[in-house]
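Good morning, and thank you for coming.

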Amino acid sequence: MKICIVGAGFVGLATGVMFGKLGHEIVCADIDESRVNAVNSGKSPFFEPPLEKELSRLVKRSRLSATTDVVRAASEGETIFLCVQTPSLPSGRIDLHPLKSASKTVGRAIKRCKDYKVVVVKSTVVPSTTDAIVLPILEKSSGKKAGNGFGLAMNPEFLQEGSALKDSMQPSRIVIGALDKRSGDILAKLYAPLKAEKVRTDMRTAEMIKYASNAFLATKISYANEIANMCVRFGIDSESVLAAAGMDPRIGRLFLRPGLGFGGSCLPKDVKALRDKARSEGFSSRLLSTILAINEAQPSEAVSMLESAIGALRGKRIAVLGLAFKGGVDDIRETRALPLIETLRSKGAAVVAYDPMAARSFARAMPDLEFASSAAKCLKGVDGAIVQADWEEFRRLGRTEFSSMRTPVIVDGRRCLDPDRIRKAGARYLGIGYGAAR
Ligand code: UGA
């Protein structure tokens, strides 16, 4: 089948490559010319090596291409996935401009085509967006009736950055929310080669499943942080506590790693958007507000730990290792590095930072920040360091690097280091939720 993907971002490209690997012909459409050029030369516009490898193979075999001509791409596609971004507005509400504009363009393509096309919303949107906003726009610009002249469905994604292709090929479930049976059947057939269970539902339910999932993941992280913050004050290592609590299958072990809080383009945005949507319907979610409040406070927790070890930060030089929102990615959206560095600076510390992939984009967000070109250089002469992202290379730091610090104190803000190794290498280890070290 010929599939059109509107939006060559993270979700769009992962979806395109996944369907390309399943044997379909993919046309990606994006209004960003540099993105289109990157895709056509087999390059991923973001750091996701396994995805890029497959993308480049598909481009070479002419199974995947990209264009800025959205109408042409949508005219050619039998199924059209809308994968445009839905960024947060200051209120927490999602910005639907890109989705509205893409829907209008796709409607124009539907108008000039005779075949039955199914439009699938994959962008993360709050309940009722597909039927109350996308559907009327498509009907107006195509002049056709949804469920008759064209099909409509909502099909959320559950990919994690860093494992996008694997998560696409082996999803935990496939949620197909359809306006009509015909659209749902077409989508179910497309996904048939993937083993995961298919959940067939209506479009609002599909939209809500996405938010319920991300809100729960955020809840687990804030819960882990709350327990960890208590553990550290009780002189207990939260790692043993959370690992044993997680052995209960009703709790589950994943996503219980305490840290500086959740960042990224999804969890913070989705929790805020769901809270905003609930508020607009007259429901004030205390749970979601608390999850966000705990998240906001986590960077200060790490800063207090550092202060407890080295005293007041005024005039001190502090290293921040890792600027991306997590290790293994070059994405700085909602990274906790930003509030962390702001807090350190507000206390009078001079900050030097290092990230293997995200330094350049972070420099745009904080142009006056001092950057080091390696972790070793970043640690040289500092009075303490905070690990903000769980990059694998930080686990290999040892005596050579720590001995160049003025005060060898490491605050592990992601619980990704081995405390014994740090101690043996002559540094003091302080981990979020690591009470045993106090
Ligand atoms: C998240 C979800 O995990 C995906 O299932 C979802 O599909 C995706 O959002 C989305 O909606 O598109 P992602 O944004 O890639 O994926 O990031 P995560 O791996 O979930 O990490 C988010 C943040 O939580 C990171 O800052 C990470 O360091 C933090 N985290 C994660 C913790 O602090 N503790 C944990 O145990 C896990």
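How far does a polar side-chain atom of K210 lie from an oxygen atom of the ligand? The distance is 2.5 Å, which falls under the heading of a polar contact, meaning a pair of N or O atoms within 3.5 Å. This is a predicted model, in which local features need pLDDT of at least 70, side-chain atom pairs count only at pLDDT 80 or more, and totals for chains, interfaces and linings use all residues. Residues are numbered from 1 along each chain as its sequence is written, and side-chain values use heavy atoms, with hydrogens and water left out.

A backbone N or O atom of E161 is 2.7 Å from a ligand oxygen, and a polar backbone atom of F325 lies 2.8 Å from an oxygen atom of the ligand. The protein buries 94% of the 710 Å² that the ligand exposes when taken alone (Shrake-Rupley method, 1.4 Å probe).

Let us turn to the shell. Around the ligand there are 21 residues, counted as near if a heavy atom lies within 4 Å. Ten of the shell residues are nonpolar, four polar and seven charged. Helix α9 (a DSSP run of H or I, at least four residues) gives the largest share, four residues.

Finally, consider helix α10, residues 238-246. There S238, L242 and G246 are buried, that is, under 20% relative accessible area with a 1.4 Å probe and protein chains only. They lie on the same side of α10 because they cover an arc of only 60 degrees around the axis, taken from the directions from the helix axis to the C-beta atoms.

How values were computed:
A polar contact is a pair of N or O atoms within 3.5 Å; within protein, one must be able to donate a hydrogen and the other to accept it, and residues adjacent in sequence count only if both atoms are side-chain atoms. Helices (H or I, at least four residues) and strands (E, at least two) are DSSP runs, numbered from the N terminus. Ala, Val, Leu, Ile, Met, Phe, Trp, Tyr, Cys and Pro count as nonpolar, Asp, Glu, Lys and Arg as charged, and the others, Gly among them, as polar. Buried means under 20% relative accessible area, exposed over 50%, partly exposed in between (1.4 Å probe, protein chains only).
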